[in-house]
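Welcome! Please take a moment to look over the sequence and the structure below, and then we can walk through some of their features together.

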Amino acid sequence: MKSLLATFLLLTMPGLASSVDGSKPNIVFILSDDMGWNEPSFNGGRAELTPHLDRLRREGVSLTQFYVHAVCAPTRAAFLTGRYAFRTWSDWRSEDFGKPSYLAKLGMTLARNQAGEETRRIHGLASEERTVAEVLAEAGYFTSICGKWHCGEWLPGQLPMGQGFHHQYGHYGWGIDYHNKTIPHNAPARFAVYDWHRNQKPILEPGYSTDLIAEEAARVIARHRMKSSPEGKPRPFFMYVAFNAIHGPLEEIPRYEDQFGKRHAALKCLDDAVGRITQALETCGYADDTLLIFANDNGGLREEMNAPYRGTKNTNYEGGVRVPCIMRWPGRIAPGTTNDALMHVTDLFNTFATLAGGSLKQERPLDGKNMTGVIFDGAESPRTEIVFEVSGSVRPPTIRRGNFKLIGKELYDIINDPSEKTDLAQEQPELVQELSARLTQVGRERPPLTGMDRLMTPALPWVYGQEENGKAPAWVKEMVGKVRATQPTEWAPGTTPWPQAPKDGKILYTGDGR
């Protein structure tokens, strides 16, 4: 009787064991880019745009309080490390160290390399960080990334195959032209750089990047199936499929544009891609043994995309940090369900490691919480707070604890006022003081910013990846040269090809947000 009681308590206590722990499912994490809260139809968007996502929603669980960081690179680094972005200085994106308006917030100016060129300082996820790919590889998984990296685009140790991935495909930087695979600007230089790679070598592949990423993911799944031995349990796989869709630049969309316009056509192409991956899992017989997750990296560019929530990408209002998230695992997750538990993207690190039977022992502290009991057994969330930003970020220090969220000096009751219309700071000064003190305490854990003496040389490479640029093939130089010939050579004083840094925690995006 005591043994049964102990087992029951172990399975139901928040953050502790679940029946699926150590079961080593395949794990596929699909991450979209810049999609708004209400753009998929299961959150209020047009049904004809996201039928495949809707199917996943019907077959799985929707997490209604799943949080990320306010912009793409911090979210990706937090997922990969299980650590808040400030701990790795990933609250500053690599390209920010080539943008004067961002550097000014650190009291810095543009650097010059030995050739006298204005250039960016090299910044990325340090190779000393332990990533979820490394944890899963240690647990016997094959690991693959298809799509956008955005955790460093130059030094080998900061690229995916230096961070635990056996297979890499896609681009390193913040975004690309979906067709010619060049990144539109390379701050502070203002001309294109090639950014499309397989296993960290530049490749030339015609096609729309959303479709290519999905096809590569399907190909990796099929190849894994063909390599599986009929004897014994097949090797599990972890796939991180990080689309650049529907991030700008939204130029030529290969289909649907005549029906829906650019953004919605890009969204429908993304939905097609999700359908292609789910089809591959089913065709290869993996669907029932795979935890499939779909989420987005941050809020949409404009508030109407994130309604009923306030705010946009690059802000810490709900519209910037609360994102759609679906999980499906047939037979393990009840279909058509909803889970309101508080979760953060860092929690995926601990959860994946626990499912894989991997180790969470490491030198650097983890912020993630194991959510297997929450997701699979209905336990309460072990998470009571989320630290979104601390001092030293480009955005104001922000924390959510329980019902309340402090953004700079503004206080909101997220449960009773999810649209953040009523600032309670003057009514509850003691709570403001308490949360501010907590942010100050956590902020002291930010490490020193190091590596700022490493400069990108040449300031304008042909292709991202230091080693790849050193051996850039003729076709890369010819292709990039043609793109650069079409780009503006002058910009009006005070203007740049990229958005300026947020002011007072707010930002206004124009166009497609590139």
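Where is the place of Ile 246? Ile 246 lies in the loop between β12 and α7; helices here are DSSP runs of H or I with at least four residues, strands are runs of E with at least two, and both are numbered from the N terminus.

Before going further, a word on the model: it is predicted, with local features needing pLDDT of at least 70 and side-chain atom pairs counting only at pLDDT 80 or more, while totals for chains, interfaces and linings use all residues. Residues are numbered from 1 along each chain as its sequence is written, and side-chain values use heavy atoms, leaving out hydrogens and water.

**Backbone details in the loops**

The peptide bond from Ala 245 to Ile 246 is cis, with omega near 10°. The bond from Thr 457 to Pro 458 is also cis, with omega near 5°, and Pro 458 is found in the loop between α13 and α14 (466-470).

The loop between β12 and α7 (257-260) holds Ile 253 too. Is Ile 253 buried or exposed? At 9% relative accessibility, Ile 253 counts as buried; buried means under 20% relative accessible area, exposed over 50%, and partly exposed in between, with a 1.4 Å probe and protein chains only. Leaving out residues up to four places away in sequence, Ile 253 touches Tyr 208, Lys 262, Ala 265, Ala 266 and Cys 269, where contact means heavy atoms within 4.5 Å. Between the C-alpha atoms of Ile 253 and His 264, 11 residues apart along the chain, the separation is 9.8 Å.

Two residues other than glycine have a positive phi. His 150, in the loop between β6 and β7 (167-171), has phi near 60° and is buried, with a relative accessible area of 2%. Lys 181, in the loop between β7 and β8 (182-183), has phi near 65° and is buried at 1% relative accessibility.

**The nonpolar cores**

A nonpolar core is a set of buried Ala, Val, Leu, Ile, Met, Phe, Trp, Tyr and Cys residues joined through side-chain atoms within 4.5 Å. The largest one has 52 residues, of which Val 28, Ile 30, Met 239, Val 241, Phe 243 and Ile 277 touch the most other members. Elements giving two or more residues to this core include β1 (26-32), α2 (51-59), α6 (209-227) and α8 (262-283). Which element gives the most to this core? That is α8, with 10 residues.

Ile 277 is in contact with Val 28, Ile 30, Ala 214, Ala 217, Ile 221, Val 241 and Phe 243, leaving aside its neighbours within four places in sequence. A second, separate core has 47 residues, among them Phe 66, Phe 79, Ala 242 and Ile 375.

Two packed helices are described by the angle between their axes and the distance between the axes. Axes are lines fitted to C-alpha atoms, for helices over the stretch in contact, and angles run from 0 to 180 degrees between N-to-C directions. Angles under 35 degrees count as roughly parallel, over 145 as roughly antiparallel, 65 to 115 as roughly perpendicular and the rest as oblique.

| Helix pair | Axes come within | Crossing angle |
|---|---|---|
| α2 and α8 | 7 Å | roughly 50° |
| α6 and α8 | 9 Å | roughly 5° |

The angle makes α2 oblique to α8. The residues of this contact divide into 4 nonpolar, 3 polar and 5 charged; Ala, Val, Leu, Ile, Met, Phe, Trp, Tyr, Cys and Pro count as nonpolar, Asp, Glu, Lys and Arg as charged, and the others, Gly among them, as polar. Residues of α2 in this contact include Pro 51 and Leu 53, and those of α8 include Asp 271 and Val 274.

By contrast in angle, α6 is roughly parallel to α8. Their contact residues divide into 10 nonpolar, 1 polar and 2 charged. Among them are Ala 214, Ala 217 and Ile 221 in α6, and Ala 273 and Ile 277 in α8.

**A sheet of four strands**

Finally, an open sheet has 4 strands in the order β17-β18-β19-β20, with antiparallel pairing; two strands pair if DSSP finds at least two bridges between them. β17 (385-389) and β20 (410-413) stand at the edges with a single partner strand each, so one side of each is left without a neighbour in the sheet. In the antiparallel pair of β18 (residues 398-401) and β19 (residues 404-407), 4 bridges join the strands. Thr 398 has Ile 407 in β19 as its bridge partner. Helix α13 (residues 429-443) packs on the sheet, touching β17, β18, β19 and β20, and its direction makes about 115° with that of β18.
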